[in-house]
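Student: Could you take me through one part of this model closely, and then show me how that part sits in the whole? I would like the geometry spelled out as you go.

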Amino acid sequence: MKKTALIFFITLTLSYILPLAEFTNAQTTYTINTRNILHTIDERIYGHFLEHIFNSVNGGLWGELVWNRSFERYSGTGGLWHIEDSSVVQSSLSENVRLLFGETDWQDYEYSLQAQKIDGNEGFLVIFRANGENFYWCNLGGWSNNYHAIEKGTPGVRWSVFGSQIPGTIDTARWYDIRIRCEGNHFQVWLDESKIFDFTDNSAHLSGQAGIGTWVTEARYRNLVITGIPDGDTLFRGLPSIGDEAEIALPDWEKYGSPELYLSDEALNSNYCIKLINDQPGQAGIQQRSFNFTNQDYYGSFWARGESPGGFTVSLLSGTDVLAQEDVPAPDSAWQEYTFQMNPATETTNGTLRISLNDTGTVYLDQISLMGQDAIDIDGFRPDLYEAVEELNPPVIRWPGGYFAELYRWKSGIGLQHERKIYPIEAWNDQDVNSFGTDEFITLCRSLNAEPIIVINIGHRSSATPQSEYIEEAQHWVEYCNGSASSTWGSVRAANGHEEPYNVKYWEISNEIWLTRNATTYVNFLNAFVPALKAVDPSIKIIACGSGGYDQDWNTTILNQCADIIDYISTHHYEEIEDFRSGVINYENFLKQLGNDIAASSNPDIKIYMSEWNVWSPIDLRCGLYAGGMLNAFERQGKSFKIGGPALFLRHSNAGNSWNNAFINFNNYDWFPAPNYVVMKLWHDHFAPKFIETTGSHTYLNVVATLSEDSNEMFFKVVNTSDSDIEVTLDIDTSFTPGNAYLEKVTAGSLYATNSFVNPDYIKAKRGSISINNQLVNFTLPKYSASVVTVDQYPPVGIDDEKAAGANGSFLLHANNPNPVKTRTVISYDLMQPEHVVLRIMDFSGRIISVLVDERLAPGNYQAEWNGTDNHGNDVDSGLYFYELATPSNRVEKKMILIR
């Protein structure tokens, strides 16, 4: 028996004999057979998911700096009521909107009315016997338009369903007849003359007003009549009073001076604008804080109409200090765009944008915009967040959601910015104004070399059956993206500045429909939508909404009934962070079973796409270890698993503790990576497509081994979830000759360690010690760590003695990593004293290729990255290169190999 095989045998034997505490520090051997390629891995498992959540896009990645720029968000839940054509209309999509009328001493009465849904997620609230916290309401089309129910409110207790829910939906644009009869403790409800509720409440509310309301829905009501029982006297007929116009408070905005501020439906676009009245001498207007102003040009605009002879002044401020200021002409009676350009004299991370009237008058304002030159230079994206996304190099990006996709109307997000419509509801601290739509998303994907995946709104939140409105809207979206410039919607795309088709290949048929519908209902939607979309573009790939959690029954129904019309099945799962280790094991078993079910279906070519995965908060080291474990599982299941995408991608810090698991965490001027970002970047940077045979095991190690396309590099990715360091030996078959080995590790000692704005790199990839002894590679894995070992077959690279390199005590230049270089390498150096440092790349002849550093630096540890390009950004050829660190007192040179 070979010595290495004997070591392997003994190690495995001990693992079954000794208690865990006695063997976790023992040496563990993995035998790697690079000749046996088990399957290929699709790089798209390292995909991402961009949803409009917690200002990830609007207020984040998209470089528009103004929040609530269209004034569609306002404080309070009283709704927006107005009279229109003998109806009272509620046009807010807020929750829990109520309008009461009548007398609190009304006792027995019959209440009739007609109601029509205009838009939104649910139906009607019809309120009766309401007196303070005592009330009933008939909730028609509640719970995402799935059920009807009676809900009862009592003092000190949140209202709840009285009796049982019954299935029911409310259609848009249809008038419904509603009648409610209250006699003592006996209540009856009719919908279109069909009795739907008949109940007795032994602790009934015996008197109270009537009312109407909505929940995330716009609706109109008419022909409201209240008649007394038993006399039949008319207690009320007509429309409720909606009161006088009141001033409003706007999220993200505040008054400057002493203006009056009202919400107006005479908007430039969408639903609302603001009416600003200044009837006092002196400036008055609105302002917004928390801007990050740097020394660059800012371009802005706003739309206005009205009368104020003195015109406007636009100011950028830091506290009370004016950094830049520009006067804008007086408005007239028609909507007009007013533009400005300013460059602040001083930088600040808490700047203010102020727009003020210089005279008395009344003006209407809408669509305020401000963007810096740095964002304009990269197609409108915030530079630091764009670079954070770019560093992850996502091969695919899914958009626009998630839940956001389920209500998204794509036509509201194309064309001129001031003509776009808002997202229909407020969600996750925002009501998105659709500044970032289809064209911006495709631009982002193309600039990142990422393949777009679009999720379609199929209207299931509005109806339990497929509706032609949503089918046609989806068809139009496919044509907008993929049709020629001569097609109906392709011509709209061309008119918007994009002549060539986008050729979007992947289309997902809704998101998490299992929250509101059963699998059989979803099959009906698939059968309606897929042929319709394929009729527009037969080449597209269809992604079906798969299970949430461990619901294999859902997946089985989809596979049994419509496997032949889909290409991918999309699963979701979020793990409790305490189960960061066991959760990976459990879900990989679930993926194995799903892969087996697909293989046994009528379409064994279907692939798995896990389009949402992560642990729940917080973002400590555990989320990084879970990410490494899941990515290893994806690589192991590469025969059937082809695409992945964790959530959340980006998240603004103002979300507090809500959904705190994002990869990129940011505020108005900075960001930091969570441990899952650090680990996923390390894993993806070392992607290789060949999954190779690996023998060996350890209870607390999750490992995979892969081989590069040219078979010259082997990567060993391993997650150590134990609380002990573990020594590991890789025994590599003789067909692969180790030349160089590198170890990069992510660890922090404590499972609860995390990065932050104050210490953004506390958890990061660091180099570790590793050695080669013929076919054996030896290293130690720290406790609670995620590590990547790179072993190549290139000739050993000569490394100068590091002590000699810093013999004069001024600096120490380390070996670059990785070496050889494929796409990028990191060069580290330590300064022992303040120095002017020049770090540059040279070719074999000594010609300077690229200067990475040229500045005076304080003592400390530094890193610079070279991506294989010259000073002009052009890729350089494969070959031998030198990197030189020079100071006025010393100069050291090392060599590296670039392989394309």
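Tutor: Happy to! Let's begin at the N-terminal end of helix 11, which is capped by aspartate 551: one of its side-chain oxygens lies 3.3 Å from the backbone nitrogen of aspartate 553. Please keep in mind that this is a predicted model.

Helix 11 covers residues 552–562, and its buried residues are Gln552, Trp554, Asn555, Thr557, Ile558, Leu559 and Cys562.

Helix 10 deserves a look of its own. At its start, a side-chain oxygen of asparagine 518 comes to within 3.2 Å of the backbone nitrogen of threonine 520. The length of helix 10 can be checked too: at 1.5 Å a residue its 18 residues should span 26 Å, and the end C-alpha atoms are 26 Å apart, so the two agree. The buried residues here are Ala519, Thr521, Tyr522, Val523, Phe525, Leu526, Phe529, Val530, Ala532 and Leu533. Their cover includes helix 11, and also helix 8 (468–482), strand 29 (506–509) and strand 30.

Now let's step back to the whole. The protein has 15 helices and 52 strands, and 58% of its 900 residues count as buried. A compact globule with 900 residues would have a radius of gyration near 29 Å; the protein has 32 Å, which agrees. Along the principal axes, the C-alpha atoms fill a box of roughly 100 × 70 × 60 Å. If we take contacts between residues at least 6 apart in sequence, 70% join residues at least 24 apart. The exposed surface comes to about 34700 Å², with carbon and sulfur atoms supplying 46% of it.

With ring centres required to lie within 6.5 Å, the count comes to 55 aromatic pairs. One of them joins tryptophan 399 and tyrosine 408: the centres are 5.6 Å apart and the planes are at 70 degrees, so this pair is edge-to-face. Both tryptophan 399 and tyrosine 408 are buried. Another pair is phenylalanine 634 with phenylalanine 641, where the centres are 4.1 Å apart and the planes are at 10 degrees, so the pair is stacked. Phenylalanine 634 counts as buried because its relative accessibility is 0%, and phenylalanine 641 is buried at 0% as well.

Finally, some backbone details. A cis peptide bond joins asparagine 817 and proline 818, with omega about 0 degrees. The bond from asparagine 819 to proline 820 is also cis, with omega near 5 degrees. Proline 818 lies in the loop between strand 46 (811–813) and strand 47 (825–831), and proline 820 is found in the loop between strand 46 and strand 47 too.

Phenylalanine 71, although not a glycine, has a positive phi of about 60 degrees. Its place is in the loop between strand 2 (48–49) and strand 3 (81–84), and phenylalanine 71 is buried, with a relative accessible area of 0%. Asparagine 145 is not a glycine either, and has a positive phi of about 65 degrees. That residue lies in helix 3 (residues 142–145), and asparagine 145 counts as buried at 0% relative accessibility.

Terms used
Residues numbered from 1 in each chain as written. Predicted model: local features only at pLDDT ≥ 70, side-chain atom pairs only at ≥ 80, totals over all residues. Heavy atoms only, no water. Buried < 20%, exposed > 50% of the residue type's maximum accessible area, 1.4 Å probe, protein only. Helix = DSSP H or I, 4+ residues; strand = E, 2+ residues; numbered from the N terminus. Polar contact = N/O pair within 3.5 Å; in protein donor to acceptor, adjacent residues only side chain to side chain. Expected span 1.5 Å × (residues − 1). Contact = heavy atoms within 4.5 Å. Rg over C-alpha atoms; globule rule 2.2 N^0.38 Å. Areas by Shrake-Rupley, 256 points an atom, 1.4 Å probe, with all protein chains shown as cover. Phe/Tyr/Trp six-rings, centres within 6.5 Å; stacked < 30°, edge-to-face > 60°.
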